[in-house]
Amino acid sequence: MGILVARTRQELRAMIGSLKSTLEDAGLRSSVGFVPTMGALHEGHATLIKKSSKENSITVVSVFVNPKQFAAHEDLDKYPRTFDADCELCLKAGAQIVFAPTPEDMYPDDFKTKISVDEMSQVMCGAHRPDHFTGVCTVVLLLLNFVAADRAYFGLKDYQQFAIISRMTQDIVHPTRIIGVTTVREDDGLALSSRNRYMDATARLAAACIPRSLRAAAEVFLSGETNASAVLLAAREVLNSVSGFELQYCELRNAKNLTEVEARITHESVLAVAGFVQNADGVKTRLIDNVILTLDPDRLESLLDFVRLGTAVK
Ligand code: AMP
């Protein structure tokens, strides 16, 4: 069977309903997994879809470039759109339904509601993109309601988004369980991103300083250092040594509530970096990445994998 494409919320409900009844008629329990995306899909997205299809009998992927999360000067119009290839990737990764609504279907003319999560949305990326997370929360809550999934999968690459969505669903007691998925990276550690295709060779080279900086900080942390300034310094030294990289922020935050870690790292923390690299023609690409600093046995393995990836390319 090819992939099913739903263009409206009604079509989506009908498709999910029909797949569920087919499974239930065959005496099988059905569960729905959901992966929200903005399209231009890559292996990072494929990993989320594969995890969902392993853990659920039905997987829905949404492809929607959400105008509400872009500011006027941002890249909404030039955001890459590769719908046919996206559908192929979804099918190969094990999804059954692609939901690709129009902005009018998501936000009818009389739509007035904004969903926002206090404090956590105003820091880090939120300090530089003021309405971004309100746009994200509004669209994600609508999508979660349309799909009514058992589980929804979010990449830890967009860590602040994952933390905010987790907070939102917990606060409003939303029945969908939010699952974070480890960041998929290139061989030199650069996190895969739909925006990576904006970069030329010069920018791409400079971009590699981001995973290098995170790895330097992770190594300092794993050597037993819990002083926040020392860990941050290790990352900043790398970032400041690369002339083609313009730092926006490099911060250490509590992984749960995103408050700043000012003195010692006592709880699971996230070291997050955002900045710009520039192409020869002057076009800039904004990149974000992070590493979770933890000694929790459940998460330590992925931290060690990240550091080992660095050893392989040294
Ligand atoms: P986007 O299409 O950029 O909105 O991303 C859709 C989902 O894919 C989000 O939950 C992202 O965090 C996740 N994602 C994007 N890049 C990666 C990556 N390199 N590894 C894992 N997940 C990712």
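The model is predicted.

Thr169 belongs to helix H7, which spans residues 159-171. Its relative accessibility is 6%, so Thr169 counts as buried; the cut-off for that class is under 20%. The side chain of Thr169 makes a polar contact.

Aromatic pairing was searched across the whole structure, and 5 pairs were found. For Phe70 and Tyr79, the ring centres lie 5.9 Å apart and the planes meet at 80°. The pair is therefore edge-to-face, since planes over 60 degrees apart fall in that class. Phe70 is buried, and so is Tyr79. A cluster is also present. Its members are Phe64, Tyr107 and Phe111, joined through ring pairs.

Lysine side chains also sit over aromatic faces. Lys78 is placed over the face of Tyr198, with 4.4 Å to the ring centre. Lys284 takes up such a position over Phe276, and here the distance to the ring centre is 5.9 Å.

Technical notes
Residues numbered from 1 in each chain as written. Predicted model: local features only at pLDDT ≥ 70, side-chain atom pairs only at ≥ 80, totals over all residues. Heavy atoms only, no water. Helix = DSSP H or I, 4+ residues; strand = E, 2+ residues; numbered from the N terminus. Buried < 20%, exposed > 50% of the residue type's maximum accessible area, 1.4 Å probe, protein only. Polar contact = N/O pair within 3.5 Å; in protein donor to acceptor, adjacent residues only side chain to side chain. Phe/Tyr/Trp six-rings, centres within 6.5 Å; stacked < 30°, edge-to-face > 60°. Lys NZ or Arg CZ within 6 Å of the ring centre and 35° of its normal.
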